[in-house]
Every structure is written in structure tokens, then in C-alpha cells.
Amino acid sequence: MILEIILGLMVLLFVTSCYVIWNLMTKQEMLEDWITNFMETIEKIDFDLNQIDYLGSFEADDETGVIFDQIKNTVSQLENLKGENVDAS
């Protein structure tokens, strides 16, 4: 009788452990997808900023140059958050 109770508890513990592992794995996969999308968005924003200012006209202007530099600094900080240094300079 005791053997059946212990076996039942072990089966219940195994099923519960399998559910917990599956649940954590799905959450981790969702987080990895979110991080990948975030990194792609940062790269797209950086590319778009470089395309907008390909002549350097925003960077040369005093008023818009300051704001443009702040935007570029923010993008650089976001690039540092993703753990890879993409800056070639």
C-alpha cells in the first residue's frame, strides 16, 4: 500500500515537473523572439538615421545637429544594451 502511494506521488511529481519545464521553455522562446525583434528594430533605426543624414546636413546644423546627436547617442546606448558592439569606428 505504501509503495503504491509513493509511486503515485512520484508520477504526480514527474508530471508537474514536465509541465514546469515546458512552461519555462515557452516563456524563454518568447523572450528570445522579443530580443531578436528588438535588435532588428535598433539596427533598422540606425540604418534609417544614417540614410536620413547621408549628406551630413543634420549633423552640421547647430539646432538640429544637437538633437540629431542626441538621437544617435540614444541609439548607440540601445546598441550597447544588446551586448554587441556594431560601431565600426
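Colleague: How many aromatic pairs does the structure hold?
Modeller: A pair of aromatic rings is described by the distance of the centres and the angle of the planes. In this predicted model, the rings of Tyr19 and Trp22 have centres 6.0 Å apart and planes at 40 degrees, so that pair is tilted. Trp34 and Phe38 form an aromatic pair that is stacked, with 5.3 Å from centre to centre and 10 degrees between the planes. The number of aromatic pairs in the structure is two.

Colleague: Where do Tyr19 and Trp22 lie, and how many residues apart are they?
Modeller: An α-helix has 3.6 residues a turn, so residues three or four places apart point the same way. Tyr19 and Trp22 are separated by about one helical turn, because they lie in helix H1 and their spacing is three residues.

Colleague: Which residues make the nonpolar surface patch of about 540 Å²?
Modeller: Trp22, which is found in helix H1, is one of the residues in this patch.

Colleague: Of Trp34 and Phe38, which residue counts as exposed?
Modeller: Both residues lie in helix H1, four residues apart, which is about one turn of the helix. Phe38 has a relative accessible area of 29% and is therefore partly exposed. With a relative accessible area of 53%, the exposed residue is Trp34.

Colleague: Which residue forms a salt bridge with Asp48?
Modeller: Side chains of opposite charge can pair when their charged atoms come close. A search of the whole structure finds one salt bridge, and in the bridge formed by Asp48 the closest N and O atoms are 2.8 Å apart.

Colleague: What is the relative accessibility of Lys44?
Modeller: Asp48, at 29% relative accessibility, counts as partly exposed. Lys44 counts as exposed, because its relative accessibility is 51%.

Colleague: How far apart are the end C-alpha atoms of helix H1, and what span should its 51 residues have?
Modeller: Helix H1 covers residues 2–52, and at 1.5 Å a residue its 51 residues should span 75 Å. The end C-alpha atoms agree with that expectation, since the distance between them is 75 Å.

Colleague: Which residues of H1 are buried?
Modeller: In the protein chain, buried residues make up 10% of the 89 residues. The accessible surface of the chain comes to about 7700 Å², with 66% of it belonging to carbon and sulfur atoms. Within H1, the buried residues are Met39, Ile42 and Leu49.

Colleague: What pattern does the protein chain follow along the sequence?
Modeller: The protein chain has three helices and zero strands. Read in sequence order, the pattern is α-α-α.

Colleague: In which helix is confidence lowest?
Modeller: For the protein chain, the mean pLDDT is 82, and 80% of the residues reach 70 or more. Where pLDDT is low, the predicted coordinates should not be read in detail. Confidence is highest in H1, at a mean of 91, whereas the lowest mean, 64, belongs to residues 57–60, that is, to helix H2.

Key:
Residues are numbered from 1 along each chain as its sequence is written. Side-chain values use heavy atoms; hydrogens and water are left out. Helices (H or I, at least four residues) and strands (E, at least two) are DSSP runs, numbered from the N terminus. The expected span of a helix is 1.5 Å times one less than its number of residues. Buried means under 20% relative accessible area, exposed over 50%, partly exposed in between (1.4 Å probe, protein chains only). Patches are made of residues with over 30% relative accessible area and no salt bridge: like charges are joined within 9 Å, nonpolar side chains (Val, Leu, Ile, Met, Phe, Trp, Tyr) within 5 Å. Accessible areas come from the Shrake-Rupley method with a 1.4 Å probe; for residues, only the protein chains shown count as cover. A salt bridge is a side-chain nitrogen of Lys or Arg within 4 Å of a carboxyl oxygen of Asp or Glu. Rings of Phe, Tyr and Trp (its six-membered ring) pair if their centres lie within 6.5 Å; planes under 30 degrees apart count as stacked, over 60 as edge-to-face and the rest as tilted. pLDDT is the predictor's confidence in each residue, from 0 to 100.
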